[in-house]
Amino acid sequence: MTDTQEEFKLSGADLVGKVKELIEAGKVRRIIIKSESGASLLEIPLTVGVAGAAALTFFAPILVAVGALAGVLTKCSIVVVRNDESVTQPPDAKDTPQGE
């Protein structure tokens, strides 16, 4: 299993909304919030399989901390680490024995 990373640059005002969106979407292993200078401020490990309303309830205290960070940050970035499960592909038809 391979992990992929995406980085989003945004304003502090948009931080809580983006983190909520990522938690609700699921398939995210870790969210890292960085300052404008690139220093890591908060790392949030997420449990695979917890998504939707249950995830928001479970991560409510973390969202409060993210909200506090958003109040003091003007610009920041979020690094999202995802499980890349799309790497596994079915075998080609030519590799499968036919009629044997």
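The protein has a mean pLDDT of 78, with 73% of its residues at 70 or more. Please keep in mind that this is a predicted model. One stretch calls for care: over residues 86–97 pLDDT stays under 50, and the model has 2 contacts beyond four places in sequence for these residues.

**Nonpolar core**

- The largest nonpolar core holds 19 residues, and those that touch the most other members are L15, V19, I23, I31, I33, L46 and I78.
- At least two residues of this core come from each of α1 (15–25), β2 (28–35), α3 (60–72) and β4.
- In soluble globular proteins, nonpolar side chains tend to be buried together.

**Salt bridges**

- The model has 5 salt bridges, and three of them are described here: D3 with R29, E6 with R82, and K9 with E7.
- D3 and R29 come together through their side chains, at 2.2 Å from N to O. This pair links distant parts of the chain, with D3 in strand β1 (residues 2–11) and R29 in strand β2, 26 residues apart.
- D3 counts as partly exposed because its relative accessible area is 37%, and R29, at 34% relative accessibility, is also partly exposed.
- In the salt bridge of E6 and R82, the closest N and O atoms lie 2.6 Å apart. This pair, too, links distant parts of the chain: E6 belongs to strand β1 and R82 to strand β4, 76 residues apart.
- E6 is partly exposed at 32% relative accessibility, and R82 is partly exposed with a relative accessible area of 22%.
- K9 and E7 form a salt bridge through their side chains, at 3.4 Å from N to O. K9 counts as exposed, at 69% relative accessibility, whereas E7 counts as partly exposed, at 46%.

**S77 in strand β4**

- S77 sits in strand β4 (residues 75–84).
- Leaving out neighbours within four places in sequence, S77 is in contact with E7, F8, K9, I32, I33, K34 and S35. Among these, I33 is one of the core residues that touch the most other members.

Note on methods:
Residues are numbered from 1 along each chain as its sequence is written. This is a predicted model: local features need pLDDT of at least 70, side-chain atom pairs count only at pLDDT 80 or more; totals for chains, interfaces and linings use all residues. Side-chain values use heavy atoms; hydrogens and water are left out. Helices (H or I, at least four residues) and strands (E, at least two) are DSSP runs, numbered from the N terminus. Contact means heavy atoms within 4.5 Å. A nonpolar core is a set of buried Ala, Val, Leu, Ile, Met, Phe, Trp, Tyr and Cys residues joined through side-chain atoms within 4.5 Å. Buried means under 20% relative accessible area, exposed over 50%, partly exposed in between (1.4 Å probe, protein chains only). pLDDT is the predictor's confidence in each residue, from 0 to 100. A salt bridge is a side-chain nitrogen of Lys or Arg within 4 Å of a carboxyl oxygen of Asp or Glu.
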